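Thank you all for coming; I would like to walk through one protein model with you this morning. Please have a look at the sequence and the structure before I go on.

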Amino acid sequence: MTADAPRPTLAEELLLLCFDPDSGRKLMRAGHSSAYGVAGAALAELRLAGRVVEEHGRVRVTNPLPPDDPLLAAALASLAQPGKDAKRGGPRTARWVRSASGRLEETLLARLAERGAVRVESRRFLGLIPYRHASVGTVDLTTAARERFELARRGGFADPRARALAALASAIGISGSLCPGWGRRTERQAMRRLVRTDWAARAVHKNVMSDSADGGGGADGGGGGDGGGG
C-alpha cells in the first residue's frame, strides 16, 4: 500500500486473503463462505465506525450518516430501510448476512477487477450451470494483504480491526491457510475464540455451518467453516 493509496476496507482485506498469492486460485472449493465473509466484514466495519450495534440478534443502525465507501454506504442503507425489521429493532444479523452476501461480494469483486487485482470469468458447471470464477489478476494485492495479516498476527491482533479480521478469517475457514501447520494450531484456536466474541463473525459462521449441514455449495466460492463460532 503506497502512501497515497486508500486503506483497504475490512471487506477488501478479507476477500484478498481468500486468494492464494502463489497459485492465484481461491482457497475455497465450493459454497458461499467468502460472500458471507464480505457481508460480515461490512457489518464489522460499520460497527467500528460507530454506525451499527447488535441487540438481541438484530442489527440496529445507531448513526445513519453514510460512510465515504460506496459499498459500506449501500450496506448501511439496506440496514436502515423502513419496514417490519426496523420496527423490531433491525434485521436479523445472520439473515441479513445471507441476503446481502452475494450482492456485496459481486460489487467488491467488480471493484477489485477494475484495479486489476482479480480476474472474473464466466464459466459453466458441468457445462450447464453458469457461475463466475475469480482468480488473482495482474496487479498483486494479495501478497501485501498476507503481509499485513502476518504483522497483525505477530502483534497478537492487538487492535479491534485486526481482531475482527482474524475472527472473520476463521469464520469462513481460511485460518488454516493463513496459519498453516500443526505447530500453529494454538493460533488457529485463538482465532476461533475470537469468532465467539464477535457478533458479525458469528453471523457469518452460522451461515457457513448452515450450508455445510445442508450439503450446499456452488461451483466456485467459499468452503466449509473453521470450527469457530458460538
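This is a predicted model: local features need pLDDT of at least 70, side-chain atom pairs count only at pLDDT 80 or more; totals for chains, interfaces and linings use all residues.

C179 is buried, with a relative accessible area of 0%, and C18 is buried as well, at 1%, where buried means under 20% relative accessible area, exposed means over 50%, and partly exposed lies in between, with a 1.4 Å probe and protein chains only. As for disulfides, which are counted here as pairs of cysteine sulfur atoms within 2.5 Å, the structure holds 0 of them.

Residues are numbered from 1 along each chain as its sequence is written, and side-chain values use heavy atoms, with hydrogens and water left out.

Taking the protein as a whole, there are 10 helices and 4 strands, these being DSSP runs numbered from the N terminus, with helices as H or I of at least four residues and strands as E of at least two. Buried residues account for 45% of the 230 residues.

Let me turn to the hairpin. Strand β1, residues 52–55, is joined to strand β2, residues 58–61, by 4 bridges, and the two run antiparallel; for two strands to pair, DSSP must find at least two bridges between them. V53 has R60 in β2 as its bridge partner, and in the turn, where 2 residues separate the strands, H56 has a positive phi of about 55°.

Which residues of α9 are buried? They are R188, M191, L194 and V195, and they cover an arc of only 110° around the axis, so they sit on the same side of α9, the arc being taken from the directions from the helix axis to the C-beta atoms. These buried residues pack against α6 (142–154), α7 (160–171), α8 (175–178) and α10 (199–214), and contact here means heavy atoms within 4.5 Å.

Finally, within helix α7 we find A162, which is buried with a relative accessible area of 9%. Leaving aside residues up to four places away in sequence, A162 touches A152 and F157. A162 and F149 are 13 residues apart in sequence, and their C-alpha atoms are 7.9 Å apart in space.
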